[in-house]
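I opened this entry to keep track of what I looked up, in the order I looked it up.

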Amino acid sequence: MKLLVTGGAGFIGSHFIHFWLSRHPQDQIVNLDCLTYAGSRSRLADVEGDHRYAFIEGDICEPQIVEQAMSGCETVVHFAAESHVDRSITDAAPFIRTNVEGTSVLLQQAQRQGIQRFIQISTDEVYGPVLDGAVDEQAPLSPRSPYAASKAAGDLLAQAFHKTYRVPVIVVRPTNIYGPGQFPEKFIPLSITNATEGLPIPIYGDGRQRRAWLFAADLCEALDVVIRRGAIGEIYNVAGGMEQANLETAEAILASLGRSQALLELVTDRPGHDRRYAMDDAKLRALGWRPQVSFEQGLQETIAWYRAHTDWWRPLVQKLREDPYHWLNRAARSSPPQASGAVL
Ligand SMILES: NC(=O)c1ccc[n+]([C@@H]2O[C@H](COP(=O)([O-])OP(=O)(O)OC[C@H]3O[C@@H](n4cnc5c(N)ncnc54)[C@H](O)[C@@H]3O)[C@@H](O)[C@H]2O)c1
């Protein structure tokens, strides 16, 4: 099988490419990625020479590039996105462009080329806050940030292309993912890198927002199950079963690194910050998927990776701190509470 992976130079996409080439050695992958600040070919340096892998630097909003990249592929796994909630609050435009228009370009091309499976990577954030219990795939969408709204739009477009044109879409809605190689503006890598350098870990509001965490390798296993056994036209939540307050996550990171809990710094909450997400993933589990990596194991593996790859993240963190408008810069200087804080 030949797959088109969009956004494969990003955090999850690169995990997926490594996973897929190892699990399905006969398959071929084309990675279409325009290398935004969040994308890096270095994540895939080890497969660059592999005859089963091809990289195309290009934008999913460009129909001609998408047509060329999709040519001969049976399956599309669409990860490419603007993915950082805080950036969407500062400027929603790139989110609408990539997450909505780019998804539309891909779907139109999938229709033209007769793609056999189109996996739309959505997010738990499309449901909005879930204060009690857990939502299944039938729950209404109620996104509250521009990021979540743009992802909901892409998710609904994908469903509409299935219903209207029979494009063989499957929508996957993963919970918060963490693991090696995540860009250091996201909550877990930010906490690890700041704590490593003895800098405060900024936490929004009272830190009691609850999130479910899933290790990147477990999401790859879930996608393997969905691609091979998922039903066309269906939606699958990928939750994982654990949840905890952001404060608990940061405390665990400080404890693992042997750093003082005094590095925790509560800062003013961000607008529209959802209190809790919680999904029921019984539908996916019925296909045989179970998460294999506990949060404790996954966190140790992630911390070990950041310890061993300071050359990778230090320049990225440095660049973020040089941006006078970036909250990380202000947080690193122990700014007053009007600075925003750690995000998911
Ligand atoms: N990280 C999470 O916790 C999480 C949770 C649920 C869903 N998701 C979804 O999973 C997907 C991947 O997330 P991630 O954390 O790996 O994101 P990421 O920001 O690390 O990577 C995104 C990749 O997409 C590429 N890209 C962006 N715009 C593009 C464009 N116009 N054309 C081509 N490439 C473009 C970037 O260069 C980058 O390599 C996204 O769709 C995201 O919404 C992520």
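**Ground rules.** I am working from a predicted model, where local features need pLDDT of at least 70, side-chain atom pairs count only at pLDDT 80 or more, and totals for chains, interfaces and linings use all residues. I number residues from 1 along each chain as its sequence is written.

**Whole chain.** I counted twelve helices and 13 strands in the chain. Helices (H or I, at least four residues) and strands (E, at least two) are DSSP runs, numbered from the N terminus. Along the principal axes, the C-alpha atoms fill a box of roughly 55 × 45 × 40 Å.

**Ligand.** Which residues come nearest to the ligand? Of the 30 residues around the ligand, they are Gly7, Gly10, Ala38, Gly39 and Ala81. Here a residue is near a molecule if its C-beta atom, placed from the backbone, lies within 6 Å of it. Two or more residues of the shell come from each of α1 (11-23), α4 (93-113) and β7 (176-178). The most come from α1, which gives three residues. I sorted the shell by class and got 15 nonpolar, eleven polar and four charged residues. In this sorting Ala, Val, Leu, Ile, Met, Phe, Trp, Tyr, Cys and Pro count as nonpolar, Asp, Glu, Lys and Arg as charged, and the others, Gly among them, as polar.

**α4 and α5.** I next took α4 with helix α5 (residues 146-165), whose axes are 8 Å apart at an angle of about 15 degrees. Axes are lines fitted to C-alpha atoms, for helices over the stretch in contact, and angles run from 0 to 180 degrees between N-to-C directions. The two helices are therefore roughly parallel to each other. Angles under 35 degrees count as roughly parallel, over 145 as roughly antiparallel, 65 to 115 as roughly perpendicular and the rest as oblique. Among the residues that meet are Phe95, Ile96 and Leu107 in α4 and Tyr147, Leu157 and Phe161 in α5. Contact requires C-beta atoms, placed from the backbone, within 7 Å. By class, this contact has eleven nonpolar, six polar and one charged residues.

**α6 and α8.** Helix α6 (residues 187-196) packs with α8 at about 40 degrees, and the axes are 10 Å apart. This pair is therefore oblique. I listed the contact residues, including Phe187, Ile188 and Ile192 of α6 and Ile253, Leu254 and Leu257 of α8. The class count here is eight nonpolar, four polar and no charged residues.

**α8 and α10.** How do the axes of helix α8 (residues 246-257) and helix α10 (residues 295-308) cross, and within what distance do they come? They cross at roughly 60 degrees and come within 11 Å. I therefore filed α8 and α10 as oblique to each other. Ala252, Ser256 and Leu257 in α8 meet Leu299, Gln300 and Ile303 in α10. These divide into four nonpolar, two polar and no charged residues.

Terms used. Two residues are in contact if their C-beta atoms, placed from the backbone, lie within 7 Å.
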